[in-house]
Amino acid sequence: MPEIRVTPLGAGQDVGRSCILVSIAGKNVMLDCGMHMGFNDDRRFPDFSYITRNGRLTDFLDCVIISHFHLDHCGALPYFSEMVGYDGPIYMTHPTQAICPILLEDYRKIAVDKKGEANFFTSQMIKDCMKKVVAVHLHQTVQVDDELEIKAYYAGHVLGAAMFQIKVGSESVVYTGDYNMTPDRHLGAAWIDKCRPNLLITESTYATTIRDSKRCRERDFLKKVHEAVERGGKVLIPVFALGRAQELCILLETFWERMNLKAPIYFSTGLTEKANHYYKLFITWTNQKIRKTFVQRNMFEFKHIKAFDRAFADNPGPMVIMPGYCVQGTVGHKILSGQRKLEMEGRQVLEVKMQVEYMSFSAHADAKGIMQLVGQAEPESVLLVHGEAKKMEFLKQKIEQEFRVNCYMPANGETVTLPTSPSIPVGISLGLLKREMAQGLLPDVKKPRLLHGTLIMKDSNFRLVSSEQALKELGLAEHQLRFTCRVHLHDPRKEQETAVRVYSHLKSVLKDHCVQHLPDGSVTVESILIQAAAHSEDPGTKVLLVSWTYQDEELGSYLTSLLKKGLPQASS
Amino acid sequence: MFSSSPKACTDAEGRLFIDRPGTYFGPILDYLRSERLPTHHILEVYREAQFYEIKPLVKLLEDMPQIFGEQVARKQFLLRVPGYSENLELMVHLARAEAVAARSSAVLVCAVRSEEDAALCADALRILEGEKRSVVKFGPWKAAPQVKDLLDCVKMDIEARGYQQQQEEIATKKLRLTKPSKSAALHIDLCKATSPADALQYLLQFARKPVEAESVEGVVRILLEHYYKENDPSVRLKIASLLGLLSKTAGFSPDCIMDDAINILQNEKSHQVLAQLLDTLLAIGTKLPENQAIQIRLVDVACKHLTDTSHGVRNKCLQLLGNLGSLEKSVTKDGEGLAVRDVQKIIGDYFSDQDPRVRTAAIKAMLQLHERGLKLHQAIYNQACKLLSDDYEQVRSAAVQLIWVVSQLYPESIVPIPSSNEEIRLVDDAFGKICHMVSDGSWVVRVQAAKLLGSMEQVSSHFLEQTLDKKLMSDLRRKRTAHERAKELYSSGEFSSGRKWGDDAPKEEIDTGAVNLIESGACGAFVHGLEDEMYEVRIAAVEALCMLAQSSPSFAEKCLDFLVDMFNDEIEEVRLQSIHTMRKISNNITLREDQLDTVLAVLEDSSRDIREALHELLCCTNVSTKEGIHLALVELLKNLTKYPTDRDSIWKCLKFLGSRHPTLVLPLVPELLSTHPFFDTAEPDMDDPAYIAVLVLIFNAAKTCPTMPALFSDHTFRHYAYLRDSLSHLVPALRLPGRKLVSSAVSPSIAPHEDPSHQFLQQSLERVYSLQHLDPQGTQELLEFTIRDLQRLGELQSELAGVADFSATYLRCQLLLIKALQEKLWNVAAPLYLKQSDLASAAAKQIMEETYKMEFMYSGVENKQVVIIHHMRLQAKALQLIVTARTTRGVDPLFGMCEKFLQEVDFFQRCFIADLPHLQDSFVDKLLDLMPRLMTSKPVEVVKILQTMLRQSTFLHLPLPEQIHKASATIIEPAGESDNPLRFTSGLVVALDVDATLEHVQDPQSTVKVQVLYPDGQAQMIHPKPADFRNPGPGRHRLITQVYLSHTAWTEPCQVEVRLLLAYNSNSRIPKSPWIEGGEVSPQVETSIEGTIPFSKSVKVYIMPKPARR
């Protein structure tokens, strides 16, 4: 029984270190290779020893696919390819390929330089790892090998994020990575065609949330920033994820442009600045507005937003600072929960005097979005990853209820096995088809018709050809299979007369068959030969020799049973 | 040359003698020395070079355009015209023979381009020869040049022989008359075609020209005949399509070819041709809508081919069914039950066809049936619903339409909800389904769905309101939307404090079972539609919101928040659309303060269109509180300081805001005017636009709030008086205590009295026309009076201004003409001196100008007025001619002028031939009577005749058009008030913003120009971009553009003048004479005169180009 097996090494009932093993029709694919933000020990990387205990990963895995450049989807890649050892192809989209090494390098710096970790991957390893990458375009079908093909779909979320369809023969799996079903200021919405995969592996970060319209949120944000700046204040916006920084930049930039504002906006140098270069390059991946504006100018070439120079720090005047990266610590959480006095290390007490606003600019699909995507793709079953167990439970129930498909939510290391019934395409030879067509009308759905032919399996493809052609192609001689049966008849008359009687009898019974009486005394019905002979011992008994080929088995056996019943008494 | 030529001979001393003039030997020598080609006298040099046989030079010269076109190419062409030179000889010969008797002779030249034409004109030639007319026939030839080119060649060659010749294009006309029907030509063509490609070429050529109705049938027969013989499917395809085209010919009844078409349909094998034939049948069927029998027959044919394997054929069959499927059931009752099939069922069966194109066609056919008035069955609804989940977007898109149609047909029927026992109204169900399509994968479908939502008016209100509610939740807890929160904040009084956070924390836990994630009816459709990725979808959603809100006030209230949110869209078009939408529904709504706040925030937008749209929105908005008014005022003033150009728009906005909310403004007055109960406050600056804005608001509010003036301080009254005068359109008349009400014409009460003034106008014009036999002096005086009266009338009655001005202008022309003719000087026989004729020629010039103004500056001028205007112009031209004749010595220049004038008369006659009977006894009438005489007589005589005629000619009665408006323009910006010169570096450009309103200008994009006059007399004309014109209302336009000025350095700042011009082209108005066929350009092109009329006051701008610093 063919089956699809899915084992999450990470992101199973969890957010972080996305890594899912899929084996489909004998092909093994690893989807994403991320790290976990919450751990600093071995647990931060997926347990690759699960894949194979001994032997090289390259032999076992056919390819690795990275959905987008966030570290929880690609953070373990250099470790996996260089330190564990994998030499096979790694597929990702062009923007991901461009931006991924920047993030990895940044991550390495923080881990090694700041935290002083040893035994971490080096810059060189990142470079070596990126050499194994094969970049793909949207909607481009890439043949990994003869049977395995992958295809990327637009996923929104961040620049270059893609959903991947993995297809072997007629079996397919779609992996969404992270995606966003509502467009934002710089990216469009995820889209997939009705590809009807056997399995859809989807993220479920916001499985229990239905979000409000983004317009309200944006307006609120802009109003707050605008008011604060107008009052002469400074606004600090810590942006956690790369991509969101650009989103806010675009949002503020267009607003500044529209409203003719002059207050400077800065973003922190380093990561965001580097990434911005690539954002300028990959305009085709952005949304309608930015693509259309590109005719006049590149919207990522900001007019009002500049990289932050430390020398500005003492400058008076309003200022909006947008750091690209900031580790979410407990302080932030405390402030957000309304604490006004913070105890710092060393018993220092800090009073929070600033005004804190909370806003969510998440780029994940909400429950409705996930359902919408499931509706678009029409999968046979769904598998949830990248979310919390409790929330998944809810969504699972909803999916099963509304789409009536199976839904799975395996934990890390747990394997889900899905039986599939792959359809096997069989090519039919034109000659055979034409011959069949000539015999009658087109086949009707309600009245199936039998078609005789020979199935040839050669070079892993199937062909249905006429038997003559098959014989010719395979260079075989035709074997005739003949059945012969003796029927004893009690008939004292001569053989010829018996034959005539048989003939007239059959003629009367088998009206729609061709019954002939040959000059040599034998009778034929179609191709069945009947000969009458006198019994050697008993002259009163005649022996009817019935002989037919395999093809006429039906008629032959019918004829035998008919003759066995005996001939009707002559009228005389 | 010297080797063999007999051209050279030697003299006694053995020197070579070449018998050639040496004039052009220089260039030849030049070429031989340095291979330089001559630049002048190329033809002559070419001849020389030919003589000397300098082959390379000949070759080079031949390649030069002057010679190539004239000599080489022409010769090449003429060589291909068989017997050209012989024919030419013949022509000259014939002409000479005839000329022996008379001084001139006429030879008919018949030029035929192609064999086909030759065949056609054979008969005509025979007739002509029978009449003993001398005819020379050229052609046919096989080369690209046309008949005209040949005639040109003939003309040139005849002239080269020294004969004068006049060309008349009679031959072509005659030929046209005797041209046989098209069918014959086609027959010849198709018989000649040897290959399918050839035949196809012929057919293509044939299709280019229309066919007369009477010959259609013949052509069709030939086509069909060929069709049967043709083996090539592409030719058959073309024939089939031609049949379809031909059957559409007006005046031809195609029922006679239907049998044949059906006949060939049965034997056709090619699917493409089949499809085309069905298309032809469709054309035939639609041509005969009332013929039931044919329709039934065609439907039968369509049904038979529905099982075809090709999608194209099935498509066409369905189209046929949709267009021709029988509508009435009456035929069934007559007992022909079998004949009429259930078209709907047949089409419905193809909803599940395997080809998406056929499915689409089936749905379209069904929609077509609906459009033709057939009531669709309700059963179709379920079928259509299934199609909503089709794989192909065209199918889904069409299915959405079908569902909409059915929902409009059966809004009230009840349908069950699947998987439950409940039932709902069909229109609600359909609404839910279409709402669901707003989140479809294809944006085409989304646009379609969003558009249709707007027109579903019978939907229950709770369904409607669901579209705005997404049923938010966060972590399985019910969450309120930001809009709800804003509302709550507002009601709790904490609005806009901004000092609260965590208020969006989700509240109560919700039951997991109750949450419905998809298929939940209309839930949140607009929320999705409004944040769609494609702006097309967003615009469609905004439009739909607008339509629904207009029909349901409660929905309008609800959708307000969402519309306000759209003001922040990233695409300007969407923002503008949502502002307009809001304006349209603003009667139904009152803005809450927080909503107003959001609306007002957009006032800072840098796009002028957005701001102005917003001002207009504010004009008709209802505000609920006095804080709201205050907020609006503050924001508007802020806007004013940021964008001073918005001044007028803001004032206007405040005017309406004030008059709509007098009671809300009242408590604000002391604060706004900063008056104090006990102390006098400083008098504000009267020139401050912000202060004026405040006053506009207050005065308009005070109009309906009599208690308000009590709060005014003294200077406010003074300012009122000032503003009432200077900005009367913004400040209404107030009933102020202790002051007389300035009873400035309260317009509504005057309205019934409009008649007398109109009567007055009529009477005064009548008087002028009737008293034309008065003595000259009297006439002049009367005219002067009337003109003055009319002008005054125009000033007083704005609605009659157009008519009054128009007639006044006409009378002025008349007056000028009379005055000019009164000059004593005419009696002097001797030629006049230039000085003496000043008045007359100036008058002529002015009349011309005025006539152009009359023709082009007024909207609503009809043909009968145009005739009179042109007539007047003709008179002016005559006057000009006379004046010139009398002032110039010598006759030569007169020849041209006379000719031109006569041409114009001719042109006039041709253009206005239909109106000539109305011009009895006029100048032109008489002129035309004498036309033959004028043609032959000498200029001096012509002038004489003209002079007497001008004096004798009578006044023409100018019929007044129904509606006539004078085009006018006011330049708002630049205002020309600034004393500070605009400084810029000379040689570089400076941009000057121009903002003007145009009234009653037709097609301003092409006619309105901006002119800049520099002090040194330089004038520059600027064509504004079409996008610079906006159309705020009927008959009104607005021009907002930038004019780039540049000049060399001046020493002192100087003023340049900016004004608007109306460009005209006299050809545009002239009605096409019926006999001039389209495509042929009338020969009088040269009479089209282009010019400009200034139609706005010019504004002076102070500029100062400084020399560039080195």
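Mentor: Helices are DSSP runs of H or I with at least four residues, strands are DSSP runs of E with at least two, and both are numbered from the N terminus. His719(B) has its place in helix H37 (residues 714-726) of chain B. This is a predicted model, in which local features need pLDDT of at least 70 and side-chain atom pairs count only at pLDDT 80 or more, while totals for chains, interfaces and linings use all residues. Residues are numbered from 1 along each chain as its sequence is written, chains are lettered from A and ligands numbered from 1 in the order in which they are written, and side-chain values use heavy atoms, with hydrogens and water left out.

Trainee: Why is His719(B) called buried?

Mentor: Buried means under 20% relative accessible area, exposed means over 50%, and partly exposed is in between (1.4 Å probe, protein chains only). His719(B) has 4% relative accessibility, so it counts as buried.

Trainee: What makes the pair His719(B) and Tyr691(B) a polar contact?

Mentor: The term asks for a pair of N or O atoms within 3.5 Å; within protein, one must be able to donate a hydrogen and the other to accept it, and residues adjacent in sequence count only if both atoms are side-chain atoms. The side chains of His719(B) and Tyr691(B) make such a contact at 2.9 Å.

Trainee: Which residues does His719(B) touch, not counting those up to four places away in sequence?

Mentor: They are Glu683(B), Pro684(B), Met686(B), Tyr691(B) and Leu695(B). Contact means heavy atoms within 4.5 Å.

Trainee: What about loop residues: why are Gly524(B) and Arg211(A) called buried?

Mentor: Gly524(B) sits in the loop between helix H25 (482-491) and helix H26 (525-530) of chain B, and its relative accessibility of 0% makes it buried. Ser439(B) is 85 residues from Gly524(B) in sequence, yet the two are 9.9 Å apart in space, C-alpha to C-alpha. Arg211(A) lies in the loop between strand S11 (199-203) and helix H6 (214-230) of chain A, and at 10% relative accessibility it also counts as buried. Arg211(A) and Ala365(A) are 154 residues apart in sequence and 9.0 Å apart in space, C-alpha to C-alpha.

Trainee: How many of the residues of chain B count as buried?

Mentor: Of its 1110 residues, 48% do. Chain B has 49 helices and 22 strands.

Trainee: What angle do helix H41 (residues 801-822) and helix H43 (residues 863-887) of chain B make?

Mentor: They pack at about 25 degrees, with axes 11 Å apart. That is why H41(B) is described as roughly parallel to H43(B). Angles under 35 degrees count as roughly parallel, over 145 as roughly antiparallel, 65 to 115 as roughly perpendicular and the rest as oblique. Axes are lines fitted to C-alpha atoms, for helices over the stretch in contact, and angles run from 0 to 180 degrees between N-to-C directions.

Trainee: Is the crossing of H33(B) and H36(B) left-handed or right-handed?

Mentor: Helix H33 (residues 647-660) and helix H36 (residues 689-703) of chain B pack at about 25 degrees, with axes 7 Å apart, and are therefore roughly parallel. Their crossing is right-handed. Residues in the contact include Trp651(B) and Leu654(B) of H33(B) and Ile692(B) and Val696(B) of H36(B). H41(B), in turn, passes H43(B) in a left-handed crossing. A crossing is left-handed if the near helix is turned anticlockwise from the far one by less than a right angle, and right-handed if clockwise.

Trainee: How do you know that strand S5 (residues 90-93) of chain A and S6(A) pair?

Mentor: Two strands pair if DSSP finds at least two bridges between them. S5(A) and S6(A) have 4 bridges, in the parallel sense. Ile90(A) stands opposite Val133(A) in S6(A).

Trainee: Which way do strand S20 (residues 1054-1065) of chain B and S21(B) pair, parallel or antiparallel?

Mentor: They pair in the antiparallel sense over 5 bridges, and Asn1065(B) stands opposite Glu1090(B) in S21(B).
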